[in-house]
Amino acid sequence: LEGYYRLKDGYAKPTRYLGAEVLEWKFPDSADRTHWALSSNQYVKEAIKTVEATLAKDNLRLPGRCSTPLPTGYRPELDTSPLLQDDAVNYYQSQISILRWAIELGRIDIYVDVARLSHYLVNP
């Protein structure tokens with residue numbers, strides 16, 4: 001790179017990109033080539049810490065181990081609870097954004113549930 005661009009203080013291998021860990025990967029059949037991978041592990045851990053801190057302010061906490069983001073058989077279109085206030089709407093929208101980025105980083109297991117919840121971004 002230094003042959004084509006002027007770099008400040010040299011350069012280093014990337015370790016993070018938009019919250020994701022950047023990892024070097026070598027496949028056994030091509031050990032001479034370096035491949036790059038993104039991991040969502042650290043991003044998801046930090047997102048959970050943020051949610052836990054927010055919930056703690058209201059003396060709430062996340063449930064224990066869950067197998068899916070939504071309860072089995074949950075139908076948000078049938079939910080009759082009151083609409084959220086503006087500050088809660090902003091929080092809901094930010095959480096959906098965080099979940100969408102986690103999907104982009106490889107957490108495709110939550111895609112369907114997040115897509116279902118995304119339908120309600122305007123009036124959650």
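**Entry 1: Gln95**

I looked up the side chain of Gln95 and found that a polar contact of 3.5 Å joins it to the side chain of Ser94; a polar contact is a pair of N or O atoms within 3.5 Å, where within protein one must be able to donate a hydrogen and the other to accept it, and where residues adjacent in sequence count only if both atoms are side-chain atoms. I note that this is a predicted model, in which local features need pLDDT of at least 70 and side-chain atom pairs count only at pLDDT 80 or more, while totals for chains, interfaces and linings use all residues. Residues are numbered from 1 along each chain as its sequence is written, and side-chain values use heavy atoms, with hydrogens and water left out. Gln95 sits in helix H2, and I count Gln95 as buried because its relative accessibility is 17%, with buried meaning under 20% relative accessible area, exposed over 50% and partly exposed in between (1.4 Å probe, protein chains only).

**Entry 2: helix H2**

I then followed H2, which takes in residues 86-104, has 19 residues and reaches 27 Å from its first C-alpha to its last, close to the 27 Å expected at 1.5 Å a residue; the expected span is 1.5 Å times one less than the number of residues. Helices (H or I, at least four residues) and strands (E, at least two) are DSSP runs, numbered from the N terminus. Which residues of H2 are buried? I listed Val89, Tyr92, Gln95, Ile96, Ala102 and Ile103. They cover an arc of only 140° around the axis, which puts them on the same side of H2, the arc being that of the directions from the helix axis to the C-beta atoms. The face turned away from this buried side carries the exposed residues Asp86, Asp87 and Glu104. Among what covers the buried residues of H2 I found helix H1 (41-57) and helix H3 (111-118). Just after H2, Gly106 takes a positive phi of about 125°.

**Entry 3: Ala102 and the core**

Ala102 belongs to the largest nonpolar core, whose five residues are Ala20, Tyr43, Val44, Ala102 and Leu105; such a core is a set of buried Ala, Val, Leu, Ile, Met, Phe, Trp, Tyr and Cys residues joined through side-chain atoms within 4.5 Å. Leaving aside its neighbours within four places in sequence, Ala102 is in contact (heavy atoms within 4.5 Å) with Ser40, Tyr43, Val44 and Arg107.

**Entry 4: helix H3 and Asp113**

In H3 I found Asp113, Val114, Leu117 and Ser118 buried. Seen down the axis of H3, they fall within an arc of 140°, so they line one face of the helix, and they pack against H2. Asp113 counts as buried because its relative accessibility is 14%. Beyond its neighbours within four places in sequence, Asp113 is in contact with Thr68, Pro69 and Leu70; Asp113 and Pro69 are 44 residues apart in sequence but 6.6 Å apart in space, C-alpha to C-alpha.

**Entry 5: the sheet**

Last, I traced an open sheet of three strands in the order S1-S2-S3, with antiparallel pairing; two strands pair if DSSP finds at least two bridges between them. The edge strands, each pairing on one side only, are S1 (16-17) and S3 (35-39). Two bridges join S1 to S2 (residues 20-25): Arg16 stands opposite Glu21, and Tyr17 has Ala20 as its bridge partner. S1 and S2 form a hairpin with two residues between them, and Leu18 in the turn has a positive phi of about 50°. Five bridges join S2 to S3, where the partner of Glu21 is Ser39.
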